[in-house]
Amino acid sequence: MKKTSFSEYKLSNELLKAIKMLDFKNPTSVQEQVIPIALGQRDTIIKSQTGSGKTAAFAIPICELVDWDENKTQALVVVPTRELAIQVKEDIFNIGRFKRIKVAAVFGKSPIRIQVKELKQKTHIVVGTPGRIIDHIERGTFDTSQIKYLVIDEADEMLAMGFIEQVEAIIESLPRERMTMLLSATMHKDIEDLCRKYMKAPKLIEIEEQNIYADKIAQERYSVDQKDKLGLLRDITVVENPDSCIIFCNTKLKVDEVYNELTKLKYTCEKIHGGMEQDDRLRVMSEFKQGYFRYLVATDVAARGIDIDNISLVINYDIPQEKESYVHRIGRTGRASKEGKAITFVTQYEGRFLADIHSYIGMELPLKERPEKELVNSSKEDFLEKVRALPDVKETKGAQLNREIMKLHINAGKKTKMRPVDVVGTICNIKGINAEDIGIINIHDISTFVEILNNKGEQVYRELQKTPIKGRIRKVSKTDQ
Ligand code: AMP
């Protein structure tokens, strides 16, 4: 069957260029179904898991639809967690990069002052968690009067976290004339009610995810006593010798315990759970994404929506007590057309959870025997070699896009009445440079940041050393801020 290509949709060249640079060759099946409908501005309910390319499925049409010239926010994406807010912001930013889409993330436990400042500037799209969005709306620091596109991402998780009323309050405060997209891995009655109440003749798009997982992820289980779990974990990691592995536990305490053990054994290892400071959580996620360490011990906070490619092995050190959680956890591997493996430890008291999972995924996890001592011993050398090897640090997703872009700092801002048009006017006067080479401009009180696209940064930087901006030569420097 012929594959659809992104160029078949009516997308602007700026978007097609970003999609190409992100190396999205063809739309995934959820994108294939969602993009044309969303471009037609019809409401959609999307039943699909993470890992299916669902973020781009809403980000692409929304980036296409927003009007660059409108200064007020036009699209709002509501997500359940801070990590997901950052992730989705990054994804939208990458897709909208060449259209110079400005996107802000607002979430709790982070200084509101900085977010208020960001929201005051031109912001096309806001991504946020419910509590903080409401906070901004109530303070009058987030103008929702021009919102035309609303996305409710991971609605089931929002429900599980008790956010549905807040989501409703947000919806109530938005203009009625809008397109709404709701994404959920599962459809609970409360979510159906929400859709009925706030969506207009939505098109239901359902992606059969469980089968995709079954194809791409080898799933196994081990029967084990609680006290033998650490030994089994050691043996399995030695035999499997994964490049990158998440070990899921059900409690923070257990995460700490497993993390301490693995650290003692000199595994390159970090941990993440809800009890940690926000900054630490984000740092750990970012370092894991880049491959600074191989083993991440985590509670479910890390399982939802977090996009990390190349995880070769997921271990459920504790069997999840909710069937949905099993699918989310194993969905951390086998992403974006790669294959993965998921191993679940089951103690004799956990048959009930196992039975639930079996009926949910529609298959029985094959039971494996603990690896033989000989196999473990013969695998040790390779394992130790990998433990000792330096990490293979990966580029972040936007890195290729970043390479084409240079960010410049101009030592003048609002206090000297600098406006975007002054910056654009000066730069466009440079020979060989036009408006398409200028990316996002941010003007602060005494400084201005401007992105120069298409590898033309060096030239603009050189010229601006001797070209006046708003009547004077300004100090212009390169920055990666
Ligand atoms: P998501 O389901 O949104 O978490 O996306 C899963 C992963 O697939 C992310 O790493 C995306 O960058 C990647 N992705 C999204 N769309 C495509 C595509 N059309 N081709 C290849 N990878 C994609």
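A nonpolar core here is a set of buried Ala, Val, Leu, Ile, Met, Phe, Trp, Tyr and Cys residues joined through side-chain atoms within 4.5 Å. Keep in mind that this is a predicted model.

**The cores.** Select F58, I60, I62, V77, I92, I125 and M181: within the largest nonpolar core, which has 44 residues, these touch the most other members. Next, centre on V77 and show its surroundings. Leaving aside residues up to four places away in sequence, V77 touches F58, V88, I92, I125, V126, V127, G128, I133 and V151. Another core, of 27 residues, lies apart from the largest one; to find it, select L76, F163, L174 and M199, which are among its members.

**Helix 8.** Select residues 164-172 and pick out I164, V167, I170 and I171, which are buried. Look down the helix axis: the buried residues of helix 8 fall within an arc of 115°, so they line one face. What do they pack against? Colour strand 2 (75-78), helix 6 (130-139), strand 5 (149-152), helix 7 (155-160) and helix 9 (189-198) to see the partners.

**T237.** Move to helix 11, residues 229-240, and select T237. Is T237 buried or exposed? T237 has 0% relative accessibility, so it counts as buried. Its side chain reaches the backbone oxygen of L233 at 2.8 Å. Beyond residues up to four places away in sequence, T237 touches P242, Y267, Y295, I315 and F383.

Technical notes: Residues are numbered from 1 along each chain as its sequence is written. This is a predicted model: local features need pLDDT of at least 70, side-chain atom pairs count only at pLDDT 80 or more; totals for chains, interfaces and linings use all residues. Side-chain values use heavy atoms; hydrogens and water are left out. Buried means under 20% relative accessible area, exposed over 50%, partly exposed in between (1.4 Å probe, protein chains only). Contact means heavy atoms within 4.5 Å. Helices (H or I, at least four residues) and strands (E, at least two) are DSSP runs, numbered from the N terminus. A polar contact is a pair of N or O atoms within 3.5 Å; within protein, one must be able to donate a hydrogen and the other to accept it, and residues adjacent in sequence count only if both atoms are side-chain atoms. The arc is that of the directions from the helix axis to the C-beta atoms.
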